Amino acid sequence: AEIVEVTIPGLDEVVGAFRTRRLDHSNFPYVYLDATYLHVRTEHAMVVSKAVVVATGVSADGRREVLGLDVGDSEDEVFWRGFLTSLKARGLSGVQLVISDQHAGLVAAIARTMQGSSHQRCRVHFIRNVLAHVPKSESEMVAAVFRTIFAQPDLASMSKQWDKVRDDLAARYPKVGALMDAAKTEVLAFAAFPREHWRKIWSTNPLERLNKEVKRRADVVGI
């Protein structure tokens, strides 16, 4: 079938204005960062897989807004640092919690560019990391045990339950113990915020629908 390229006059300008607009119209206490992977044609006409990273902010009144997006290497600290610095240069402020997965380089970039903000490691992705060290036949049981942590009413109770679950799991799966020791502070960071916000900020799940839409639109053109 013949492929017809359609050009929409002024689209580049509209997209450019959106990507560079000022962000100082509101404070955004919560910022989600996530990456989805697409085929991208490079300047040398090669087709490679790259990350489309998206930042979404939640304002103090609960309004959600896409703050920015870029294409690059999701494992590169310099790329993430440049992306986050550009958001701040456009006026991003009031950030108290950054919610993300544990991409290599991202956590270091958050620490350097978003000082004064806590980092929430995506709970869903962390559970997957834990289950990678567990036999498949026991994964459902382990996931259920792990979820008891988040059924607790406050941070102190969660911390206590985390330690109990950690000891129980480490006795059977030694690698899980070290994994949980290293991740505790970041996975439980959400509990320092209002309880009614917890389900929205303990994972990057709110971005999944947006990422699916990005992929759906990109699939139309293929690259």
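Tutor: Two strands count as paired if DSSP finds at least two bridges between them. The model before us is predicted, and here E1 and E2 form a hairpin with 5 residues between them. Within the turn, alanine 45 has a positive phi of about 70°.

Student: How many bridges join E1 to E2, and in which sense do these strands run?

Tutor: E1 and E2 run antiparallel and are joined by 12 bridges.

Student: How much confidence does the predictor assign to the chain?

Tutor: The mean pLDDT of the chain is 91, with 96% of the residues at 70 or more. Residues 1–5 should be read with caution: pLDDT stays under 50 there, and the model has 0 contacts beyond four places in sequence for them.

Student: What is the order of the strands in the sheet?

Tutor: The order is E3-E2-E1-E4-E5, in an open sheet of 5 strands with mixed pairing. Strand E3 (64–72) and strand E5 (118–121) each have a single partner strand, so one side of each is left without a neighbour in the sheet. On average, neighbouring strands of this sheet are turned by 25° against each other, direction ignored.

Student: Which helix packs on the sheet, and which strands does this helix touch?

Tutor: Helix H9 (residues 208–221) does so, touching E1, strand E2 (47–58) and E3. The direction of H9 makes about 20° with that of E1.

Student: In which sense does E1 run with E4?

Tutor: Strand E1 (residues 30–41) and strand E4 (residues 97–100) run parallel, joined by 3 bridges. Tyrosine 30 has leucine 97 as its bridge partner in E4, and valine 31 stands opposite valine 98.

Student: How does the chain cross from E4 to E5, and what is the handedness of the crossover?

Tutor: E4 and E5 pair in the parallel sense over 4 bridges, with leucine 97 opposite serine 118 in E5. The chain passes from E4 through helix H3 (residues 106–113) to E5, a β-α-β crossover that is right-handed.

Student: What general idea guides the reading of nonpolar residues?

Tutor: In soluble globular proteins, nonpolar side chains tend to be buried together. In this model, the largest nonpolar core has 31 residues, and those with the most contacts inside it are Phe146, Ile149, Met180 and Phe190. Elements that each supply at least two residues of this core include E1, E4, helix H6 (155–172) and helix H7 (174–187). Leaving aside residues up to four places away in sequence, methionine 180 touches Phe126, Phe146, Ile149, Trp162, Val165, Arg166 and Leu169. A second, separate core of 21 residues includes Ala55, Trp80, Leu87 and Leu106.

Student: Why is phenylalanine 18 classed as partly exposed?

Tutor: The class covers values between 20% and 50% relative accessible area. Phenylalanine 18 has a value of 37%, and is therefore partly exposed. This residue is found in helix H1 (residues 11–20). Phenylalanine 18 touches Val66 and Arg90, not counting residues up to four places away in sequence. The C-alpha atoms of phenylalanine 18 and glycine 68 are separated by 8.3 Å, although the two residues are 50 residues apart along the chain.

Terms used
Residues numbered from 1 in each chain as written. Predicted model: local features only at pLDDT ≥ 70, side-chain atom pairs only at ≥ 80, totals over all residues. Heavy atoms only, no water. pLDDT = per-residue confidence, 0-100. Contact = heavy atoms within 4.5 Å. Axes fitted to C-alpha atoms, helices over the stretch in contact; angles between N-to-C directions. Core = buried A, V, L, I, M, F, W, Y, C linked by side-chain atoms within 4.5 Å. Buried < 20%, exposed > 50% of the residue type's maximum accessible area, 1.4 Å probe, protein only. Right-handed = clockwise from strand over helix to strand, strands pointing away.
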